[in-house]
Structures are given as structure tokens and as C-alpha cells.
Amino acid sequence: MSFSEIRAAQALASESMAAVAAQLRCGMTEADIAALAEKEMRQRGAEGWWYHNVGALVLVGPERSLLSISGRDYIPSKESVLGENDLVSLDFSPILGGVWGDYARTIYME
């Protein structure tokens, strides 16, 4: 694995994060956001997900964004809805050319 391959996997994750962050809207569920994130990563060439086959671990709201959940146990909630003044934690785990990317951010919705 070369440095350029690592950079490409990280760029895929970073660019996908920026695209998802720009599309976040109040009313979206964790499941909506996770599906959007995986779509954005696949459009950029992601071949799969290295973290327990979870492409985007998404936690929405003041209670869920504080949780520490293993990918083994993670299911994106259809009930947790992004609202004004909420936090959304996003953790992306794409694979590109066999190389793992990893990118996480917590975003505050104003």
C-alpha cells in the first residue's frame, strides 16, 4: 500500500463528508443520512466498508450523539430525526483499492 493510495482513500472519505454535510437538513433520520453518505462514497469509488460492513455510522440528537456504539451492533435509526440545534455524529469507513479510509466529524445544526 502506497502513500498515494492512502491519500486517495482518505480524500474519498473527506470529500464525501463535505458533500453530506452540505446536504444535511432538519427532518432527516439517521437512516436517511447513512444512505446518503454511502451513496456519496460509492459515487466516489468506494468498493465497500471496512468497519463491520457499516459505511456510515450516524448518530443524531443530544442523546444518541453521545453514545459509543460498535459497528457490530449499529443499526441506523429511522426514529432519530435531525432537528434544529441538534448534533449529528458521522463516521465513514470506505474501502478504495483495498485501502481503508476513515473520517469522522460531529456537526452542529443551526
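This is a predicted model: local features need pLDDT of at least 70, side-chain atom pairs count only at pLDDT 80 or more; totals for chains, interfaces and linings use all residues.

Trainee: OK. And which residue is the bridge partner of Leu 90 in β6?

Mentor: In β6, Leu 90 is partnered by Arg 105.

Trainee: What is the strand order in the sheet, then?

Mentor: The order is β2-β3-β6, in an open sheet of 3 strands with antiparallel pairing.

Trainee: Which strands stand at the edges?

Mentor: β2, residues 56-60, and β6, residues 103-108. Each has a single partner strand, so one side of each has no neighbour in the sheet. On average, neighbouring strands are turned by 10° against each other, ignoring direction.

Trainee: How many bridges hold each pair?

Mentor: β2 and β3 are joined by 5 bridges. Between β3, residues 87-92, and β6 there are 6 bridges. Val 88, for instance, stands opposite Ile 107 in β6.

Trainee: Now the helices. Where does α1 lie?

Mentor: Helix α1, residues 3-23, lies across β3 and β6 and runs at about 15° to β6.

Trainee: And which strands does α2 touch?

Mentor: Helix α2, residues 30-43, packs on the sheet and touches β2 and β3. The direction of α2 makes about 150° with that of β2.

Trainee: Change of topic. How many salt bridges are there?

Mentor: The count comes to 2. As background, side chains of opposite charge can pair when their charged atoms come close.

Trainee: Which residue does Glu 30 pair with?

Mentor: Glu 30 forms a salt bridge with Arg 64, and their closest N and O atoms are 2.7 Å apart. Glu 30 sits in helix α2 and Arg 64 in helix α3, residues 61-64, so this pair ties together parts that are 34 residues apart in sequence.

Trainee: Is Glu 30 buried or exposed?

Mentor: Buried: the relative accessible area of Glu 30 is 0%. Arg 64 counts as partly exposed because its relative accessibility is 21%, and buried means under 20%.

Trainee: And the other salt bridge? Which residue does Glu 40 meet there?

Mentor: Glu 40 meets Arg 44, side chain to side chain, at 2.6 Å from N to O.

Trainee: What are the accessibility values for those two?

Mentor: Glu 40 has 9% relative accessibility, so Glu 40 counts as buried. Arg 44 has a relative accessible area of 32% and is partly exposed.

Definitions and conventions. Residues are numbered from 1 along each chain as its sequence is written. Side-chain values use heavy atoms; hydrogens and water are left out. Two strands pair if DSSP finds at least two bridges between them. Helices (H or I, at least four residues) and strands (E, at least two) are DSSP runs, numbered from the N terminus. Axes are lines fitted to C-alpha atoms, for helices over the stretch in contact, and angles run from 0 to 180 degrees between N-to-C directions. Contact means heavy atoms within 4.5 Å. A salt bridge is a side-chain nitrogen of Lys or Arg within 4 Å of a carboxyl oxygen of Asp or Glu. Buried means under 20% relative accessible area, exposed over 50%, partly exposed in between (1.4 Å probe, protein chains only).
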